[in-house]
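Dear colleague,

Please find below the sequence and structure we discussed handing over to you. A short account of the findings follows.

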Amino acid sequence: MRTVADLGIGEHGFISGFTDEKLSLKLLEMGCLPGTEVILTHHAPFGDPIAIKVSGYTLSMRREEAATILINNI
Amino acid sequence: MAKIPKIALIGNPNAGKSSLFNTLTGLRQKTGNFPGVTMDKLTGIWQLGPKNEIEVLDLPGIYSIYPKSIDEELVINILGNPAHPDYPDMVIVVADASNLKRNLLLFSQVRDLGIPTVLALNMIDVAENEGYVINSIKLARELSVEVAEVNAKKGIGVNGLKLAVQKTLKNRFASNDGLPLPVSDELIDEIQAAFGEVDPYRSLLWLMEHDRMKMFTKDQCADLDRIMVKHDFEPKKYKSAETVKRYEFLTEVVDRCVINLNRQWDAVPVKTWTDRLDKLFLHPVGGYLFFLAILFVMFQAVFTWATYPMDAIDAGVAFLNDWLKGILPESTFRGLLTDGLIAGIGGVLIFIPQIAFLFFFISMLEETGYMSRVMFIMDKLMRRFGLNGKSVVPLLSSVACAVPAIMSTRSIGSRKDRLITILVTPLMSCSARLPIYTVLIALVVPEKNTLFGLFNLQGFVLFILYMLGFFMALFSAYIMKLILKAKEKSYFIMELPTYKAPRFKHVSYTILNNVKVFVFEAGKVIVAISIILWVLASYGPGNSMKDASDRIKIQNPNLSGVELSNKIAGEKLENSYAGHFGKFIEPAIRPLGYDWKIGIALITSFAAREVFVGTMSTIYSLGGEIDNENATIKNRMRAEINPQTGKPMYDLALGFSLLIFYAFAMQCMSTLATTYRETKSWKYPLIQFGYMTALAYISAFLVYQALS
Ligand SMILES: Nc1nc2c(ncn2[C@@H]2O[C@H](COP(=O)(O)OP(=O)(O)O)[C@@H](O)[C@H]2O)c(=O)[nH]1
Ligand SMILES: [Mg+2]
C-alpha cells in the first residue's frame, strides 16, 4: 500500500484511509479526509519531518505519522 | 444591575483570537504568527456603548472540542461545564477565512454544544489575496448563524461584529442540530438520569472526555466508564465518524458559499509568497544555514552593536555618581546613595540595549511565522534528545526569560516531551545572565577583532556561552529521556502558517514592554538587595567594625591617607555581617576559585541571578580600592587583586569558572515557582534545582582546575 511517506517532493495522491486509529482523529480534524488530495511540498533536513499541502494549507508531520495515511493515485 | 454578559473567543490556533481580543478590549494580549501563542485565559472588557459592557475571554486555540494537549484541555473544561465560573453566555468562533472548511469544523461542534454562537470571519484580507470570494450572507443562512467579516489585525469590521453579538445575546438563539451521528436513546437517557437534563451532544462530550474534565469526581468518572461499557460505545470510532460526517456537510456548504478565483482560471495554483520563502527556509541545507545565520546576527547585535549605547549609559551613571560625590558632603547617606543605590540602578539600566535587541529578534521570529519553520527543521534533531520540534519555542524564548518559556510548553502534546522540555529550558541563557556574561567577558577576554575583522572575539565568546547552554540542555534532555517513562507516543502534526509581514508598532511595543518589565521588576529586586547588602556590608557584629579599623592602624603605623583608608575598608568588609556570610561558604567554593567576596555574590543571587552584578559593585565599592575616577563596576573588578598571588583576581580561570557556573546554575525563584505550577508537584522543581546546581558546580570546578 502506498502512503504519504512514499511521496517525493511535488508528487500527489488522494487519501484513501488510515492505519493508526489514534492518529487518524487528529489527522481528520486537521482536514486530511478520505478522498482529499495531498501534495508533498517539503522535506526537512535529513528527510524528516515532511510538509504537505492539504485542504488549502500546509501541514507538517513526521515521516512515521505520514506512513499511517494511505493514498491512491486516481 | 444586570450581570455583565460573558463572551468567549473560540477558534483554531493562529486564527486571530488574541488580535481580535486586543481590538475589542484595547488590551495587549500577546499575539504571534504560529500555533500555540496563547497558553492561558485572559479576560477584558469590551465597551459596546455607554453602559453596555461585555466581558470577553481570550483562550488558547483548539482544532476540535476533543483536546489533545493541556492548553486545549483548559478550553474544554470551560466550554463543557456550565457551572464553570468562566462559562460564557455566548461564543464568538473566530475563523481563518483563508482556511474556512477546517475552521468551520470547530464552529459546528461548538454550536452543537448548545451555546449561542456568532461566526467571525477573520483574515478576510488574506483570503482575498489568495483569490477567495466568500458569500457571507449565504454562509449565515446555510449555517443559521450571525456572520461578521473582520480584520482583527487592523480592527476592521468591529461594528458588524457588535451588531451580530447584540442580536445573538438578545434572542439567545442556539441553533442546534442535535447529534451529528445518532446514538441509542437509552445511552443519552442514562447520562441525563445521572447528571441532569443536558444537551445530548454535551452529554456525549462528557461521556467521551470525562478523564480530561475537572468537573467530575472519581465516582462520576467510574459511572461514565460503566455507561460506556454497557452501551458498547467506542469514543474513538464515534469521534472519527463524527468528524468525517461534519466535513461532508461543510464541504457542501463551502462549495456553495466560497469561490476560488485562482482555481477557476489557472490549472496550476499560483505560487504565493509563502511558497517562495519556504523554498529557502525549509531547504535541507540552506534552511539550517539561514537559521544559524539569524542566530549569529542576533548575538552580534546583542554583544557588538549594543556596546555603543551601553558605554554611553555606563559613562552617564559614572558621571552622575562622581557629580553627586562632589556636591554632597561625605556621609553614610552619600555612600548609600552613590555606591549602593545609583550603582545598583546603573547596573540595571546598562542592559537595556541588549534586552531590546534580544526581544527585537525573538519578536520578529514570532511575528513573521518563521518560528514554525524552526520547529519544522529542528524536530528530527530534537527528537533524538527526547524533545520535540515544539520544544524549540520554549528553548528559543527562554533566551529572553524562562518563565513564559516554560508556560509555552503547554502545547506539547506528549507528557514526557513536555516534562523534559520544562526541566531543561532554564539551561538556556536568559536575559538575566547577560549582565553577568557581559561584565565577566569584558574582564577576561581581550577586545580584539577576529574572524575577518568582522566579528568581535568577545561577541564570539558570548555566542559560545549561549551554545553551551543549548547543548547542555540537549545533553540533559537525553539523559532524562533514558530515565523517564513515556505513557504515550509523541506526535508532530502541526500547521505551518503563511508568512505575515511583522507590524513594527507591535514589535516596538513588545520591546518597550519587556524592557519596562526588566527595568522595574529586576530593578526592584536589585535595588532592594543592594540596600540590604550595603547595610550588611557596612555593619558587623558587636564592635568588630571599630576593632578592624583599630587593628589596621596598629599593624600599619606608617601608612596614611588613601592607602590607609583602603586597607581599613577592606578589613571592615571582611568583618561585616556580609563578610561573615561569605567566609562561611568560602570553603565550599574555594575549589572553583572563588573567594568570600564572590561567595557573598553567590548568596545574594541565589534567588535571582540578576543581582550578581549589583552585589559585585556594592562589595568592591565598599571594600576595595577607593577610586573616585571612573568608578564603574568593570573597572572596580579589574582593579581587584588576588591576595595570594598578587596578580589580578579576575584572570582567565576565575572568569570562565564563574561564567560556566552562572550559565548552568538554577538561581531563579520565579522559574522554580513556574515549574511547580506547570507540573503540579514539588518533585520537578527540586529535581531541576538539584541537577542544575550539581552541573554548575562540577563544570565550574573542572574549568577552574583546567585553566589555573
Ligand atoms: N493579515 C491578517 N493577519 C491577521 C489578522 N488577524 C490576525 N492576524 C495575524 O495572525 C497571527 C495570529 O494572530 P493571533 O491573534 O495571535 O492568533 P490566535 O492564536 O488565534 O490568538 C498574528 O501574526 C496576527 O498579526 C487579519 O485579519 N489579517
Ligand atoms: Mg492567541
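A polar contact here is a pair of N or O atoms within 3.5 Å. In this predicted model, a backbone N or O atom of B:Met123 lies 3.3 Å from an oxygen atom of ligand 1. Ligand 1 also has an oxygen atom 3.1 Å from a polar backbone atom of B:Gly32, and a backbone N or O atom of B:Ala15 is 3.2 Å from an oxygen atom of the ligand. Taken alone, ligand 1 exposes 580 Å², of which the protein buries 97%.

The shell around ligand 1 comprises 20 residues, and those that come nearest are B:Lys17, B:Ser18, B:Ser19, B:Asp125 and B:Asn151.

Turning to the fold of chain B, 6 strands form an open sheet with mixed pairing, in the order E2-E3-E1-E4-E5-E7. Its edge strands are E2 (42-49) and E7 (146-149), each pairing on one side only. On average, neighbouring strands are turned by 30° against each other, direction ignored. Strand E5 (residues 117-122) pairs with E7 of chain B in the parallel sense over 4 bridges, and B:Val118 stands opposite B:Glu146 in E7.

With kind regards

Key. Residues numbered from 1 in each chain as written. Chains lettered and ligands numbered in written order. Predicted model: local features only at pLDDT ≥ 70, side-chain atom pairs only at ≥ 80, totals over all residues. Heavy atoms only, no water. Near = heavy atom within 4 Å. Polar contact = N/O pair within 3.5 Å; in protein donor to acceptor, adjacent residues only side chain to side chain. Areas by Shrake-Rupley, 256 points an atom, 1.4 Å probe, with all protein chains shown as cover. Pairing = 2+ DSSP bridges. Helix = DSSP H or I, 4+ residues; strand = E, 2+ residues; numbered from the N terminus. Axes fitted to C-alpha atoms, helices over the stretch in contact; angles between N-to-C directions.
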